[in-house]
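Thanks, everyone. Let's have the model up on the screen, and then I'll walk through it.

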Amino acid sequence: MEVKFDGKRALVTGAGKGIGRDLAKALVKCSAEVFALSRTKEDLDSLVQEYPGVHPVQCDLADPEATKAAVESVGPIDLLVNNAGIIIQESFLDVTLDTFDKVMNVNVRSVMQVSQIVAKGMVERGTGGSIVNVSSLASKSAVKDTTSYCASKGALDMMSKVMALELGPHKIRVNTVNPTIVMTDMGIKVWSDPAKSGPMLARIPLGKFVEVDDVVHAILFLLSDKAAMVNGTTMPIEGGFLTS
């Protein structure tokens with residue numbers, strides 16, 4: 001299945017590393033004009049060196065004023081992927097207001113803010129568009145020591161459904177992808193110990209964790225016209241974990 005985005009302008013947040021970085025590259029290969037947003041200049045510099053056509057956008061999404069200025073500066077966007085997110089691990093009884101707010105601000109509030117700016121432009125132009133929010137299986141299955149993260153992804157899923165409901169009449173589709181553990185560089189580092197990964201893998205019928213390309217391909221499908229009637233969906237990418 002070939003996916004092409006000729007003439008489309010795409011914005012990817014959290015594009016410096018992992019899923020966002022590989023997605024930005026994939027979108028370039030699919031002929032989109034890509035704006036890659038990250039808070040880390042070094043990551044953006046290396047991405048642009050690898051793919052000179054990418055437009056770098058440096059911004060810390062935890063800062064709402066900086067976020068507004070950065071997103072407005074890129075101009076009209078047809079395809080938006082809200083991929084940026086953070087996790088702070090704490091047991092429920094140890095969660096602080098500060099860490100809870102930090103996680104919610106990036107994982108939920110910034111998605112709302114970025115999406116509002118982009119969607120308003122889509123509505124004004126009357127051209128429609130597609131938004132994919134990168135959520136997590138943690139919105140559907142509790143994970144120990146991740147109260148703030150699980151709460152943020154649950155909120156993101158429901159916010160995405162409301163977005164789909166309200167933006168659908170403007171020909172703007174909104175969906176989420178909900179992967180389990182993804183084998184990014186960080187994922188490999190954290191889950192390389194068989195003593196830790198074994199019990200989790202035992203709950204996945206396919207017997208393996210998610211590769212970055214698995215998520216990238218799902219996002220490309222949801223962004224494309226191949227998914228023209230897919231709206232308001234939360235797409236699990238988990239090898240059957242939820243069947244157990």
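**One asparagine, then helix packing**

Start with Asn175. Leaving aside neighbours within four places in sequence, Asn175 is in contact (heavy atoms within 4.5 Å) with Ile131, Val132, Asn133, Leu222, Val230, Asn231, Gly232 and Thr233. A word on the source: this is a predicted model, where local features need pLDDT of at least 70, side-chain atom pairs count only at pLDDT 80 or more, and totals for chains, interfaces and linings use all residues. Numbering runs from 1 along each chain as its sequence is written, and side-chain values use heavy atoms, with hydrogens and water left out.

Asn175 sits in strand 6, residues 172-179. Is Asn175 buried or exposed? Buried, because its relative accessibility is 0%; the cut-off is under 20% relative accessible area, with a 1.4 Å probe and protein chains only. Its side chain reaches the backbone nitrogen of Gly232 at 3.1 Å.

Now the helices. Helix 1, residues 18-29, packs on helix 8, residues 212-223, at about 50°, axes 9 Å apart. The helix 1 side of the contact is Gly18, Ile19, Asp22, Leu23, Ala26 and Leu27. Helix 8 brings Val212, Val215, Val216, Ile219, Leu220 and Leu223. That splits into ten nonpolar, one polar and one charged.

Next, helix 1 with helix 2, residues 41-50: about 25°, axes 11 Å apart. So the two helices are roughly parallel, meaning an angle under 35 degrees. Arg21, Ala24 and Lys25 of helix 1 meet Asp43, Ser46, Leu47 and Glu50 of helix 2. Here the count is two nonpolar, one polar and four charged.

Key: Axes are lines fitted to C-alpha atoms, for helices over the stretch in contact, and angles run from 0 to 180 degrees between N-to-C directions. Helices (H or I, at least four residues) and strands (E, at least two) are DSSP runs, numbered from the N terminus. Ala, Val, Leu, Ile, Met, Phe, Trp, Tyr, Cys and Pro count as nonpolar, Asp, Glu, Lys and Arg as charged, and the others, Gly among them, as polar. Buried means under 20% relative accessible area, exposed over 50%, partly exposed in between (1.4 Å probe, protein chains only). A polar contact is a pair of N or O atoms within 3.5 Å; within protein, one must be able to donate a hydrogen and the other to accept it, and residues adjacent in sequence count only if both atoms are side-chain atoms. Angles under 35 degrees count as roughly parallel, over 145 as roughly antiparallel, 65 to 115 as roughly perpendicular and the rest as oblique.
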